[in-house]
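Hi,

Here is the structure I promised to pass on.

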Amino acid sequence: MINCKNCNKPFQPTFNKGSEQLYCSIKCRQENAQKRMYERIKNDIMGNIPKPIEKPIVNQQPYYNSNELFELKLEIEKMKYEQRLKDIENEYSNKLHLINNNMQHILNKIEEQENIYEDKEPSQFEKVISGIAPLILEKLQKQS
Ligand SMILES: [Zn+2]
């Protein structure tokens, strides 16, 4: 006795043309053939249906509530502002340095002139320059 491959009921197989009987009846043999056919068709169809593509999570932004977002914006603005201040400070520091150097150069020239024409009375321009230059220099040095 073996069990029918279709209905699973036990039956006494008979040998027909050398191959063992697998089904209890013709009905079961046909039914099982149909089942296998449908199964094959189903697998063919399923195999051809493209699987949904999983979207990868790329660069997901951290979530901020409105307060945190406001704080973040404020922080960014503050950083921009501080950077701008630094730029301005550097710019003016460089300019002051340049003015300082030019002033020193002028003072040196005046001193040279005074040494050459020691006896000569200084011109009105020289008097003015030699009068105000040290004051300007002093002021610049205090600022930088
Ligand atoms: Zn059967």
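Helix H2 covers residues 66-116, and at 1.5 Å a residue its 51 residues should span 75 Å; the C-alpha atoms at its ends are 75 Å apart, so the two agree. The expected span here is 1.5 Å times one less than the number of residues in the helix. Helices (H or I, at least four residues) and strands (E, at least two) are DSSP runs, numbered from the N terminus.

Before you go further, two things to keep in mind. This is a predicted model, where local features need pLDDT of at least 70 and side-chain atom pairs count only at pLDDT 80 or more, while totals for chains, interfaces and linings use all residues. Residues are numbered from 1 along each chain as its sequence is written.

How confident is the predictor? On pLDDT (its confidence in each residue, from 0 to 100), the protein chain has a mean of 83, and 90% of its residues reach 70 or more. Strand E2 (residues 10-11) has the highest confidence, at a mean of 93, and strand E3 (residues 15-16) the lowest, at 70.

Now the overall layout. The protein chain has 3 helices and 4 strands, and along the sequence they follow the pattern β-β-β-β-α-α-α.

What about burial? A residue is buried if 20 or more other C-beta atoms lie within 10 Å of its own, exposed if 12 or fewer, and partly exposed in between, with C-beta atoms placed from the backbone. Of the 144 residues in the protein chain, buried ones make up 1%. H2 is hardly covered, with 0 buried residues among its 51. At 1.5 Å a residue, H1 should span 33 Å, and its end C-alpha atoms are 33 Å apart, which agrees.

Next, take a look at where two helices meet. The axes of H2 and H3 come within 10 Å and cross at roughly 150°. Axes are lines fitted to C-alpha atoms, for helices over the stretch in contact, and the angles run from 0 to 180 degrees between N-to-C directions. On the H2 side, the residues making the contact include Leu96, Ile99, Asn100 and Met103, and on the H3 side they include Ala133, Ile136, Leu137 and Leu140. In contact means that the C-beta atoms of two residues, placed from the backbone, lie within 7 Å. An α-helix has 3.6 residues a turn, so residues three or four places apart point the same way.

Leaving aside neighbours within four places in sequence, Leu140 is in contact with Leu96, Ile99 and Asn100. Leu140 and Asn100 are 40 residues apart in sequence, yet 7.0 Å apart in space, C-alpha to C-alpha.

Last, the loop between strand E1 (2-3) and E2, where you will find Asn8. Its phi is near 70°, a positive value in a residue other than glycine. Asn8 counts as exposed because it has 9 C-beta neighbours inside 10 Å. Lys9 is in the loop between E1 and E2 too, and touches Asn3, Cys4 and Cys24, not counting residues up to four places away in sequence.

Cheers

Key. pLDDT = per-residue confidence, 0-100.
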